[in-house]
Amino acid sequence: MLTLNISATAHGLNYLPQYYAERIGLFADHGLEVTATAKDPWTGVLDDLDSGAADIALGGLWVPAMYVGTSRELSVFAQVNHQFPKALVTRAPRPEFAWSDLIGQTVLAPGIGGSAPYAFTAGLIREAGVDPASITFLRDLSTPMFVELFEAGLGEAIVLDHTTAEALQHRGTGFIADDYVATGGLGPNSVYYCRSERMEELADRLVLFTSALSQSMQLLTSVTVDDLAPLLREHWPSAPSEVLERACGRMLHSATWATTRIDRSATERWLRILFQESMVRSIPAFDDVVDTRIVDAVDSLAVTA
């Protein structure tokens, strides 16, 4: 059996198609043994790619994008998130929320796990015709620290993953004012990438992996949150079941897990947002970040099957 080692930037609910594929044996069915390790700090995924401890990394597309044109060449070959599963949480319900409501207010944007939560939020704000500079953002601290401070009274809003957002709603300390999978459109939030020089070496295994992941996504379209409850408890035993199930339901009924193929126009939009935030020196071309050969091969296999 072939092996594939993944170094991930987190152990998150948004990665569920990978965990589901492992649980129901799809990787084994494809002759592949997959191991996955969540790194803390997340930048350890780059060290693992360099050392060979990991074959591929799972994390934000913004990381390979920032390295375009440098000596660290990274190629993105598939995605696990077709949307950005984040939410803006406010202190009180805001059923008629608009981004202009935040002008002059303070928003907490956790960043110790990466810059995407703030950057994508800023992109949504600009697209709504509001200047992000009119809002005070507190950044670069961990999610648990910012949640504790928010619940203690700091700021008017906070950007969170769905699980944490639902946890605040469960406690009555916050309310989801804007769910990005409902309002934010498409985008490659979490992707798989590797050192570019290893693409040819890994190609056969990446096709098997991506094929299994695609099957997992297809199967998830016909399951319920109740069906997934044992898997959720297995991976996050300390989280309240209601919180996990509500967060999972948000993603299950969205396009978050729709496809492993990375959308060109959605990626170009994300790259423009990164440029607006000065996270890249110029807007990279899609083909400089994403290598479609793996998903193309998976699609060809599906057609001939």
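The following dialogue discusses how to read several features of a predicted model.

Biologist: Which secondary structure elements does the chain contain, and how many of them?

Modeller: The chain comprises 14 helices and ten strands. Its radius of gyration is 19 Å, close to the 19 Å that the globule rule gives for 305 residues, so the chain is as compact as a globular protein of that length. The C-alpha trace spans about 55 × 45 × 35 Å along its principal axes.

Biologist: What share of the contacts with a separation of 6 or more joins residues 24 or more positions apart?

Modeller: Such residues account for 82% of those contacts. As for burial, a residue counts as buried when its relative accessible area is under 20%. Buried residues make up 54% of the 305 residues here. The chain exposes about 13,100 Å², of which carbon and sulfur atoms supply 50%.

Biologist: Are Glu 166 and Arg 246 buried or exposed, or partly exposed?

Modeller: Glu 166 is buried, with a relative accessible area of 3%, whereas Arg 246 is partly exposed at 44%.

Biologist: Which residues are linked in a network of salt bridges?

Modeller: The network links Asp 50, Arg 72, Arg 195 and Glu 197. Within it, Glu 197 forms a salt bridge with Arg 195, the closest N and O atoms being 3.2 Å apart. Glu 197 is exposed, at 53% relative accessibility, while Arg 195 is buried, at 16%. Another salt bridge joins Glu 201 to Arg 198, with 2.8 Å between the closest N and O atoms. Here Glu 201 is partly exposed at 48%, and Arg 198 is buried at 14%.

Biologist: Which residues form a nonpolar patch on the surface?

Modeller: Residues in a patch need over 30% relative accessible area. Leu 141, Met 145, Leu 149 and Leu 154 form such a patch, with about 280 Å² of accessible area together. Leu 154 counts as partly exposed because its relative accessibility is 32%. Leu 154 sits in the loop between α6 (143–151) and β8 (157–161).

Notes
Residues are numbered from 1 along each chain as its sequence is written. This is a predicted model: local features need pLDDT of at least 70, side-chain atom pairs count only at pLDDT 80 or more; totals for chains, interfaces and linings use all residues. Side-chain values use heavy atoms; hydrogens and water are left out. Patches are made of residues with over 30% relative accessible area and no salt bridge: like charges are joined within 9 Å, nonpolar side chains (Val, Leu, Ile, Met, Phe, Trp, Tyr) within 5 Å. Accessible areas come from the Shrake-Rupley method with a 1.4 Å probe; for residues, only the protein chains shown count as cover. A salt bridge is a side-chain nitrogen of Lys or Arg within 4 Å of a carboxyl oxygen of Asp or Glu. Helices (H or I, at least four residues) and strands (E, at least two) are DSSP runs, numbered from the N terminus. Buried means under 20% relative accessible area, exposed over 50%, partly exposed in between (1.4 Å probe, protein chains only). The radius of gyration is taken over C-alpha atoms; the globule rule is 2.2 Å times the number of residues to the power 0.38. Contact means heavy atoms within 4.5 Å.
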